[in-house]
Amino acid sequence: MKQKSFIWRIMLMSMIAVMCACVSACSSDDPEPEPLPTPDPKENGEVVFDIKLPEGNGNGTQGSPVTVQKGEKLDMAISQKSSYTDPDGSVFTCEPKAEIVLFAKMDTVVAKDIAGLTKVKEGSDVKSSSNGTYPVRYQTTQTFEIGGQNIVFDLSHEVYTYINSMKDKIEMPYVKINQAKMGNTPAAEEKPQGRSTAVALTGVTVRPLATSRATTITDSTLYEVNAQFNLDIESVNAKKDAKQTLVFSVTYIGVVETTTELKDPESVVSFVWDVKSGTASTASPFVKTAGEPMEIWMNQSCRHSDEYGNELVGDPKAKIKLSVAQDTIWASSIEELKKVVNKSGDVSETQEAKQVFGTENQDITIDWSYEVATAKVGDLDVDMPYYVLNAVTLTDVSVKELGKKTCQGKVADLYEITAKFHQKATPKNITGEVVSEEIEYVVSYVGAVREIKDPESIVSFVWDIKGGTNSTASPFVQIPGESMEIWMNQSSRYTDKYGQEVLKEPKAKIKLSVAQDTVWGDNVEKLKNIVNKSGSVPETKNVKQVFGTDNQDITIDWSYETVTTEADGKEIAMAYYALEGATLTDVSVKELGYKVCQNKEADLYEITATFRQKATPKNITGKASSEEIEYVVSYVGAVEIKLEKVEYFPGGEWIDPHDNMALAYYAKVIRRRTYSNGAVQEDEFKDFGHPVQLMTSVATPGKYKYFTIYPPTDVVIGDSIRHYTRSFEFLSKERGFSYVAGRNKYTSEDVFTDHNWAGYKTSKLYDNDVNLAIDFSTSYPSDVRQSGWYFGCFIYTIEYHLIWDTDANFANITTGFEFYDQFLVIDGRRIDFTSFHNLKIDHQFDQQNFSTSSKEGAIMKLETNISYLGKKFRETRIDSLYVAK
């Protein structure tokens, strides 16, 4: 048997050798196994991932973990977009997937006690596998054991490969889920080839369900068990690292079947007094300091410990403030002083209240409040302990005699009034015996008893001038250009039936203003027509009244104050002056005459308006006597004087020679202005004087040697009459002497004859301010030259020829007059004197032949008469021509 067995073994080994040889022979034709993927530099790869969280189950943060409720399974996908840039520049992309599945294997677990229910097995059971080639899918299953419960993470992810242009097999970027670690330690980084996942357990909590709460838990007690985990997700083979941590919460039911003793809940509260003001006491009874409000706080410290060892604390407060209205009160008897009552009624069932105690003329106010303490354990509200204040009650009023003394200026029987109050502070929501705190407040003040008299109310006043008037009493005359403001400063005194006085100082204020210092009107009647523009005055303490004309406002702002006091617990109206509406009593007008006002000509008037207002004392005892107040306002009223017509009257006068001055004509123009008010004003413009020149001459273009001219006789009278006599003696008759008169002619410069006004010369100029500023209609032509006088001359001559021989030799005998014309430029018009010239010329020529014993010849007489500008001129020329016999 042994030999056979050996041979069988040899045969079996031979067969195995042959099979191995066959297998070797078959395998020799297969290609070499593919090399492992060669990682490419990370700079060439990118991966972007998106985690699809279940809607409404948290966002995966510590404050809001992804929640898996009992009996449920979580299945969430992580979508990716992976890309790789080839060395040749092309880009390869793929979309690997990753998935997280989380669940608890049991809805309910059973343990002997809470410790067993929350016991965590160290480490976790990890199983990893892979399958597939393109992509390769890696699978990791992690199982955590907590008190008999298995919580499973089923994690998977895909990895793609790519052969690049260099013939290298490249592992594409992807998202990896790291290896699990228990506890709060973050997941450790793993090598890529590990491909394992990691979950970090962060904690296990137990909460008794509301239906199972009890001081002693026996048999089966239900708990809600909650376990939390961290799971890290990070990128691999990408040039940008990306990492994200997700937090998960798994909840299930735990049952403890053993007996567990829980502590009794405990709630306690204590306090200390915090004295803020108004008392020297540090504990009850609190005695109020006279003249100060008393304020004390009950600063509490409260604590609540539940059966599970949770401890909560708080510091609620209760506050009490006590004040007395008056340090001294007056009464007619001791009984009246002692009659302290509760004025505020029922204040139960409230956290804060204002209670008022006292007599008719005294208030003792006690403001109190307390805070309610609460806290939270999880979702449960816990009522914490605190002190509740009950309503204050009056327990006693005592009176102590102080004797007869002077009080507030009056002699009275004085008493010390002491009132005691009681308030209970009861602890609420405490465990153990409830013991209330009894609090007592003590208040004292002075009571004065005096004979009762009728109350008295009087008021007086003084004027307080704020501005706008020099008056110190009515009538108040406003200073023009200023606002007038006066105050009625009053002193109001009320004396109650006990002789206690109250002084107050109400005011009445009046402000008067005039809108314009000067107003314009078409006539005086309109200026005087001042009316009340604001109508009737309502019954009010503050009024703005407006008086005036269409373009003038006189405003009177007035107001008054009322005052009150309290006596016997009632409001008493004190005395004051009440103003009534102002009324217009008079308007007067005083003529100020003509003036230029605001660049306009006007008749000015002083307008004076007088107003009256009554101030009546109110609420006085005795007879009321009103105060009559008068205000006087003045301003300027102007009635514009409009220029209705402008007339020019040219004229002048001849002034005879005097003081070495020749006869001359002095032209003038009267400018007459007629205004809308009937006024007429005249302006005179006078030129320099222009003289008249009388001329005579002899011109001999022929041969002057044939005769002799003897010196003439020339007589001038007043520069307007001239007699000129001259003799011509010829040498012989043989020269053909003749005394025939030639032609006569009139000559004149063109300036005058053609009205060539531009050729006139300047005589006298005026500043342009003599011109009227407004345009008006007139028949005189326009002229743009500067205002002033302009003149030009003209000459009137008469001549005759004296022919004395056959050769036509002659002498020109000439007589002439030189006159001047002028015009005035004013207001842009030219005022000429053409219509005043009235030039008249008359001349006569007479020849008388004679013969005497010694000579013979002829007498030539030329007489010229001229009338110009109303003045007559005459020139007589006598020429004697003769030859000796």
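Which residue in β62 does Asn849 stand opposite? In the predicted model, Asn849 stands opposite Ala858 of that strand. Residues are numbered from 1 along each chain as its sequence is written. Because the model is predicted, local features need pLDDT of at least 70 and side-chain atom pairs count only at pLDDT 80 or more, whereas totals for chains, interfaces and linings use all residues; side-chain values use heavy atoms, with hydrogens and water left out.

Strands β61 (residues 840–851) and β62 (residues 855–868) run antiparallel and are joined by 12 bridges; strands are DSSP runs of E of at least two residues, numbered from the N terminus, and two of them pair if DSSP finds at least two bridges between them. Three residues lie between β61 and β62 in the hairpin that they form.

Two cavities of 30 Å³ or more are present in the structure. A cavity is a set of points, on a 1 Å grid over the protein atoms alone, where a 1.4 Å probe fits but cannot get out, and its lining residues have an atom within 4 Å of a point. A volume is the space filled by probe spheres set on the points, which are joined across faces, edges and corners. The second largest cavity has a volume of about 50 Å³. Its lining includes Trp654, Tyr665, His690, Phe819 and Tyr868. At least two lining residues come from each of β51 (680–691) and β59 (810–826), and β59 supplies the largest share, three residues.

No disulfides, defined as pairs of cysteine sulfur atoms within 2.5 Å, are found in a search of the whole structure.

Terms used. On a 1 Å grid over the protein atoms alone, a cavity is a set of points where a 1.4 Å probe fits but cannot get out, and a pocket is an open set with protein on both sides within 12 Å along at least five of seven lines; lining residues have an atom within 4 Å of a point. Helices (H or I, at least four residues) and strands (E, at least two) are DSSP runs, numbered from the N terminus.
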